[in-house]
Amino acid sequence: MTELEILGVLWFVIHKQEDSVRALVLDRMINHKLSAECPFLLQSRCSVYPVRPLACRILHVFGAPCKPDEIPVESRPDDIWIPSRDVGRNAAMAMLAYFGITRTQDKVRAFNEGFIPANSLPMSEVQWESLARASLGADKRPA
């Protein structure tokens, strides 16, 4: 996840989620403790689907939902569909503008040089607990 994706997901949780869902998600974030399990899965469903990260948009897991701490690319690679480089390029081209990279030739260079992965963290390494605790007072601010 890029910093922009993290901030977008956090904004969505704080400002757009219903109170009951927000409370559950913030609790999961606080209790996440650096595991592979997604803190946004509630009853095997994505609670931040409209703002899900790029990786979630382009990587698809077939079959059973992921188990807690499962990394399906490792545990069951045959259940994973990884899109072509063209799909990733198209998604990155749209996203790079949010990093101030707007000219086509600069976007192509940034994509080829791995700008998005270089500026991303695995979801399991994001400090969700700290972000949730810091946001607990933010849910009263205007959207």
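This is a predicted model: local features need pLDDT of at least 70, side-chain atom pairs count only at pLDDT 80 or more; totals for chains, interfaces and linings use all residues.
User: Why are α1 and α2 called oblique to each other?
Analyst: The axes of helix α1 (residues 3-15) and helix α2 (residues 19-30) cross at roughly 140° and come within 9 Å. Angles under 35 degrees count as roughly parallel, over 145 as roughly antiparallel, 65 to 115 as roughly perpendicular and the rest as oblique; α1 and α2 are therefore oblique.

User: Which residues make that contact?
Analyst: With contact meaning heavy atoms within 4.5 Å, L10, V13 and I14 of α1 meet R22, V25, L26 and M29 of α2.

User: What makes α2 oblique to α8?
Analyst: The axes of α2 and helix α8 (residues 128-135) cross at roughly 135° and come within 7 Å. That angle makes the two helices oblique. On the α2 side, L26, M29 and I30 take part, and they meet W128, E129, L131, A132, R133 and S135 in α8.

User: Why is V87 called partly exposed?
Analyst: V87, in helix α5 (residues 85-96), has a relative accessible area of 34%. Buried means under 20%, exposed over 50% and partly exposed in between, with a 1.4 Å probe and protein chains only, so V87 is partly exposed.

Key
Residues are numbered from 1 along each chain as its sequence is written. Side-chain values use heavy atoms; hydrogens and water are left out. Axes are lines fitted to C-alpha atoms, for helices over the stretch in contact, and angles run from 0 to 180 degrees between N-to-C directions. Helices (H or I, at least four residues) and strands (E, at least two) are DSSP runs, numbered from the N terminus.
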